[in-house]
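Colleague: I would like to learn how to read this model feature by feature, with the general idea given before each case. Could we begin with the ligands?

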Amino acid sequence: MSASGQSANPGGAESPARPTRTAAVIPAAGRGVRLGPGAPKALRPLSGTPMLVHAVRAMARSRSVTLVVVVAPPDGADEVRRLLDAYPLTGNTDVVVVPGGETRQESVRRGLAAVPEDVAIVLVHDAARPLVPVDTVDAVVAAVREGAPAVVPALPLADTVKQVEPRTGDRAGEPEPVVGTPERARLRAVQTPQGFDRATLVAAHEKIVLEGDGATDDAGMVERLGAEVVVVPGHEEAFKVTRPLDLVLAEAVLARRRATDGF
Ligand SMILES: Nc1ccn([C@@H]2O[C@H](COP(=O)(O)OP(=O)(O)OP(=O)(O)O)[C@@H](O)[C@H]2O)c(=O)n1
Ligand SMILES: C[C@](O)(CO)[C@H](O)COP(=O)(O)O
């Protein structure tokens, strides 16, 4: 992997009139508290290979993506650089590493600042979603290329969702009153990579920082900008490794891929 951030293929796989150089920002600076004690989540092995390496490969597998910006833990950029150097990519995708921040939002903002000006399309992809199939990545990129300023892959929900009034303070731990049941058919569980027209994503992050606000996903910031966000079909294998059981599922998916696809 080159540390230059410059690509031999600046236009990506195709050369349409509209500029489409595409980069992926991978926030990987989280601690993984919900996964339990151990190394930072992105560095934990899945089938012997760090989760982050799976995520970088998932982005590089898309022919559109010519640059990956990995956002490392704040004090861990050198270690992450060395780790990635030990797993060179086979194609022409460059990988740069920058230090992250205290929140996912801040980490993405720092990664975005490292994306060169000539990049027109930016994907933001959690290191914690290492198994996203390339077809999902390509579908997101295609929708941005076709003109959508913000695109999210998402799936319908399997569970009914209740809105509750959370208990806090002295009442924490008591049963929570239900205040509503949103119509499930209109809900979607949102995944990554989320894809953006670069200028829209930059403006969304600037606005949210100025307003001192926060959001749990990047498309949510674009919504607050008033720009259109659209959904394309997500994939079950793009699930987020969050809790210990997710590691079991990830290992099972990889074992099945090895048996059926040979990788
Ligand atoms: N300060 C942070 C926090 C999160 N992330 C990244 O954002 C993605 C999604 O976050 P999540 O799954 O919630 O990861 P963690 O914050 O590590 O998990 P937890 O909340 O359990 O600690 C992950 O790839 C994570 O590394 C990041 O780059 N910088
Ligand atoms: C971006 C995200 O993965 C979309 O589902 C999600 O919002 C990240 O949330 P987390 O609480 O940081 O895991």
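Modeller: A residue is taken to be near a molecule if its C-beta atom, placed from the backbone, lies within 6 Å of it. This is a predicted model, in which local features need pLDDT of at least 70 and side-chain atom pairs count only at pLDDT 80 or more, whereas totals for chains, interfaces and linings use all residues. Residues are numbered from 1 along each chain as its sequence is written, while chains are lettered from A and ligands numbered from 1 in the order in which they are written.

Colleague: How many residues surround ligand 1, and which are the closest?

Modeller: The shell of ligand 1 holds 22 residues, and the closest are Pro27, Ala29, Gly30, Arg34 and Ser107. For the classes, Ala, Val, Leu, Ile, Met, Phe, Trp, Tyr, Cys and Pro count as nonpolar, Asp, Glu, Lys and Arg as charged, and the others, Gly among them, as polar. On that scheme the shell around ligand 1 comprises eight nonpolar, seven polar and seven charged residues.

Colleague: Which residues are around ligand 2?

Modeller: Around ligand 2 one finds Arg104, Asp126, Val190, Gln191, Thr192, Thr216, Asp217 and Lys240, a shell with one nonpolar, three polar and four charged residues.

Colleague: Which residue does a cis peptide bond join to Thr192?

Modeller: The partner is Pro193, and omega of this bond is about 10 degrees. Helices (H or I, at least four residues) and strands (E, at least two) are DSSP runs, numbered from the N terminus, and Pro193 falls in the loop between strand S10 (188-190) and strand S11 (194-197).

Colleague: Why does Ser47 count as exposed?

Modeller: A residue is buried if 20 or more other C-beta atoms, placed from the backbone, lie within 10 Å of its own, exposed if 12 or fewer, and partly exposed in between. Ser47 counts as exposed because it has 12 C-beta neighbours inside 10 Å. Phi of Ser47 is near 55 degrees, a positive value in a residue other than glycine. In helix H4, by contrast, Thr136, Val137, Val140, Val141, Val144 and Arg145 are buried.
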